[in-house]
Amino acid sequence: MKLNYVEKWWSEYRGVRFEINRNTMDCDGTKFFTFYILLHKEKMSKEMLSRLSIKKKTFRGHGFYPTSNVDIGFHGGCTFYDKEKYGLRIGCDYNHLHDNEMHYTLEDIVSDAKECIDALLLKFPNYKRWCGNCGVVTDIFNGKISEVDEGCYSFKCIECVKKAEVNRG
Ligand SMILES: [Zn+2]
């Protein structure tokens with residue numbers, strides 16, 4: 001028996017975590033990408049959580065997700081939805097619909113994921129940030145973002161910024 005396998009990458013961009021998978025199918029070795037945006041409950045306002053939530057816990061496929069809720073330019077629309085302990089996992093897949101002949105690179109998917117996150121933050125600019133220094137979750141205006149707002153440590157809360165300034169003398 002051959003086994004399917006998945007390669008995974010994840011990162012954070014502008015305080016939003018995302019995950020990219022490359023799936024390899026046992027039947028013919030076909031590879032296809034998927035990506036997911038991982039939204040944490042403690043970073044979402046009640047309004048954001050309720051706008052993005054649907055009744056079902058899990059959904060796969062097209063057309064189930066009201067696009068008015070999360071029209072952020074997912075490739076081919078949102079096709080994955082999971083309610084997780086930490087919050088929501090929503091995403092899309094490649095090489096499944098009208099694009100079977102396309103060749104995508106990891107860089108293509110990263111750039112699409114970042115565009116989706118940009119669109120998400122336009123709709124929900126108050127998505128909270130995690131301080132890469134002390135781990136507190138706080139409002140975006142209550143801290144400082146590094147110029148390259150990528151990775152998990154690009155935001156520091158105001159207390160940590162102050163401490164760093166004091167230590168520098
Ligand atoms: Zn902090």
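Predicted model: local features only at pLDDT ≥ 70, side-chain atom pairs only at ≥ 80, totals over all residues.

Tutor: Residues are numbered from 1 along each chain as its sequence is written.

Student: What is the mean pLDDT of the chain?

Tutor: pLDDT is the predictor's confidence in each residue, from 0 to 100. In the chain, 94% of the residues reach 70 or more. Confidence is lowest in β4, with a mean of 85, and highest in strand β8 (residues 137-138), with 97. The mean for the chain is 89.

Student: How many Å separate the centres of domain 1 and domain 2?

Tutor: The domain bounds, which come from an automatic or database domain assignment, are 5-127 for domain 1 and 137-168 for domain 2. Taken over C-alpha atoms, the distance between their centres is 27 Å.

Student: Which classes of residue make up the side of domain 1 that touches domain 2?

Tutor: Residues are in contact if their C-beta atoms, placed from the backbone, lie within 7 Å. Eight residues from domain 1 and eight residues from domain 2 take part. Ala, Val, Leu, Ile, Met, Phe, Trp, Tyr, Cys and Pro count as nonpolar, Asp, Glu, Lys and Arg as charged, and the others, Gly among them, as polar. The side of domain 1 therefore has one nonpolar, three polar and four charged residues.

Student: What is the strand order of the open sheet of six strands?

Tutor: Helices (H or I, at least four residues) and strands (E, at least two) are DSSP runs, numbered from the N terminus; the chain has three helices and ten strands. Two strands pair if DSSP finds at least two bridges between them. In this sheet the pairing is antiparallel, and the order is β1-β2-β3-β6-β5-β4.

Student: Why is one side of β1 and of β4 left without a neighbour in the sheet?

Tutor: β1 (5-13) and β4 (58-60) stand at the edges of the sheet.

Student: Which residue in β6 stands opposite histidine 40?

Tutor: Strand β3 (residues 31-40) pairs with strand β6 (residues 87-93) in the antiparallel sense, over seven bridges. Opposite histidine 40, β6 places glycine 87.

Student: Which strands does helix α2 touch?

Tutor: Helix α2 (residues 106-123) packs on the sheet, and its direction makes about 145° with that of β2. Axes are lines fitted to C-alpha atoms, for helices over the stretch in contact, and angles run from 0 to 180 degrees between N-to-C directions. The strands touched are β1, β2 (16-24) and β3.

Methods: Contact = placed C-beta atoms within 7 Å.
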